[in-house]
Amino acid sequence: MFKYLLGFILLFLTCAIYSHLVWAEDNITAGEIINTMTQTMNPEQSEAKMKMTIMTTSGEERSFLYHTYSKGRGKKTLMKYLEPSRVKGQTILMLNDGDDIWIYFPKRNHVRKLASHARRQKLEGSDFSYEDMGGSNTFVEKYESVLLEDEKKEGHQCYKLKLTRKPESDAGYSRIIVWVDKKTFVPIVIDYYHDKDPELREKQLICTDIELIDGIYTPMKFTMYNKLDDTKTTMEIIEINYNVDLPDALFTEEGMKQ
Amino acid sequence: MKNLCSKNWIIELIIIWLLLLPLAGLYGQVEIYGYFEPQYAGYLLNRNYNQTGYGKLRIDLKNTENKNVRFGADLIYLNYFGLRHWNILDFLPDEIADSIPAEMLPYYESYFNDTIYLDNAYVRLNVPKFALMIGKQQISFGTGYFANPTDQLNIKDALDPTYEQPGHNALRIEIYPVPRISITALYTPINADWQQSGKLGRVKLGLGHFDISAIAYRFWHTTTDFYTFQSATEEQTMLGADFVGELLGCGVWGEGVYNVMTDERENSYEYLVGGDYTFKNGFYTMFEYHHNSIAKDDYHNYDLNDWMRYITGEVKTISRDQLYGLTQYPITDLTTVGSMFIFSISDQSVVLAPMINSSLFENIDLTLMFNIFIGAEGKAFNHNFGNSGLLRATVYF
């Protein structure tokens, strides 16, 4: 009798825990998913060496190697080009989620501040704009998010979210569809829609090769497809370190010149 | 092209490498990089076609071993070809050129000799919030694109405004007390004389989306009388400020100075304001307005000194008010087409500069630019300057 009672209690507890998990999963909001994804993709601090490869319209490949430093969950970002020699030493500083951008030109020892409209410009001819590179909190602050039906994408069970630009926002895309991996909260696919035409898909970002590094799920490769120009740009993480203590001075004019 | 391949050029290049290689060996962490830049230009001057150009080799050295102590240097070799002998009077209005006494004519001739020189050579010492830089170094001030009233050290070519500037011998201290505030002190030695040497102070402050600077520079300004080729120096104190930021979604900037001269009748002021915008299709446009009080507003009054001081860079403009414009559009991911113009509001003359920039191959930039002067004889941008085309390839290594 006791055995049956124990079995019943265990069954009840299992069902309760399972039903709680299901309830929790079903009740996760679009905002919570976007917040968790943003936190996953923007750890407190990071230092990485990355390679960017551009496939141009003519089918040529161009490669760039750079160091990137990030602090405050992506609120401050500094990128320093290492290769090719054409841009060697050129440094980009983005503060306030990419709202303030400075570029340092070492050959002239000159720092130039860019206005926010320059965020639309391509980064060294790539399919990433300054806006794509900075703006860690852009999805949260500049878009309204709605949770759609779950979907399997690139082999991952995903939450599917529709992000619509807030009326007062100056974001560069009218809407965004993002598929977020349910296990890692890494965005697997992001579709960016044209600024003027919400039906026209302009770019698609695919994140692959997810690895657990220092307890943080990290996509080691990002591929941005430009659907209008038929070009693509890949960014690969060569080295990454999350256990760093980056000084605030790095994210200043002083840091750009070092 | 013959000069480019001449034996002397090759020998001198070998000497440069022989000098550099032991350095690279001694300091394992010394990086060597640079570029080779051939440029060809064709001019239509006085109905004659002239061609000129150069091959430029720049070799940079930079140590990367110690983050607190860094040295950098670059060596430039320039080899000219085509027309090397110039007579400045060819570019001046006939009325002025004809007034030069015969015995003074040789002074207006110049010859471009092949040259090799150390462009920059400096040591930079860094500790947190402080940097000291000693030696020949790049110095640039101001937020303007086509011209910089606050920059008294460089002569900017408004038709090629982003081209690198020569290094200057200086001692520079930079202090960064808190983020977005910097203090710069600069000393530019002239001979052995502390009095004649330049002293500059600058404070830069970040306020919201704006960067604002205040600058003061005391130096000795040289003025040449080109009728006699006698130079005179006079103490000048420049007080100025600049800003850059954003207004209604557009980039805005400006800089202005007031120059206090020993002879207060020669005091002057100069300012520039500008703005830019990138449209969502990638089309970029920029305008700047530049006022220079020491320049003249009636072109009938431009005399030999005005022209020569403008050509030699003693003054920044010959006409008092100028409007600059730049448009650019990326036609492919690696090619940009655009055009610049400089409009002299004072004398209603203009120069147009359509251009194409292309990153033709990895590490090769190609620039094709034309200069078309539309202005009557005697005006700032008159046809005496010669319509021209320029092709420049920069090969980085």
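Which radius of gyration would a compact globule of 397 residues have, and what does chain B have? A compact globule with 397 residues would come out near 21 Å, and chain B, at 22 Å, agrees with that. The radius is taken over C-alpha atoms, and the globule rule is 2.2 Å times the number of residues to the power 0.38.

Before going further, here are the ground rules. This is a predicted model, in which local features need pLDDT of at least 70 and side-chain atom pairs count only at pLDDT 80 or more, while totals for chains, interfaces and linings use all residues. Residues are numbered from 1 along each chain as its sequence is written, chains are lettered from A and ligands numbered from 1 in the order in which they are written, and side-chain values use heavy atoms, with hydrogens and water left out.

**Chain B as a whole**

Chain B has 3 helices and 20 strands; these are DSSP runs numbered from the N terminus, with helices (H or I) of at least four residues and strands (E) of at least two. Its C-alpha trace spans about 60 × 55 × 55 Å along the principal axes. Of the 397 residues in chain B, 48% are buried, where buried means under 20% relative accessible area, exposed means over 50%, and partly exposed is in between (1.4 Å probe, protein chains only). Among contacts in chain B with a separation of 6 or more, 54% join residues 24 or more positions apart; a contact means heavy atoms within 4.5 Å.

**Spaces inside**

A cavity is a set of points on a 1 Å grid over the protein atoms alone where a 1.4 Å probe fits but cannot get out, and lining residues have an atom within 4 Å of a point. Grid points are joined across faces, edges and corners, and a volume is the space filled by probe spheres set on the points. There are 5 cavities of 30 Å³ or more. Two of them are set side by side here.

| Cavity | Volume | Lining by class |
|---|---|---|
| Largest | about 910 Å³ | 27 nonpolar, 13 polar, 2 charged residues |

Strand β13 (residues 216–226) of chain A gives the most to the lining of the largest cavity, with 5 residues.

**Some residues to look up**

A:Gln45 lies in strand β1 (residues 45–55) of chain A and counts as buried because its relative accessibility is 11%. A polar atom of its side chain lies 2.6 Å from the backbone nitrogen of A:Leu246.

Most residues other than glycine have a negative phi, and most peptide bonds are trans. Against that background, A:Asn109 has a positive phi of about 50°, and B:Asn191 has a positive phi near 50°. A:Asn109 sits in the loop between β5 (100–105) and β6 of chain A and is buried at 9% relative accessibility. B:Asn191 belongs to the loop between β9 and β10 of chain B and is exposed at 71%. The peptide bond from A:Glu83 to A:Pro84 is cis, with omega near 0°.

Methods. A polar contact is a pair of N or O atoms within 3.5 Å; within protein, one must be able to donate a hydrogen and the other to accept it, and residues adjacent in sequence count only if both atoms are side-chain atoms. On a 1 Å grid over the protein atoms alone, a cavity is a set of points where a 1.4 Å probe fits but cannot get out, and a pocket is an open set with protein on both sides within 12 Å along at least five of seven lines; lining residues have an atom within 4 Å of a point. Ala, Val, Leu, Ile, Met, Phe, Trp, Tyr, Cys and Pro count as nonpolar, Asp, Glu, Lys and Arg as charged, and the others, Gly among them, as polar.
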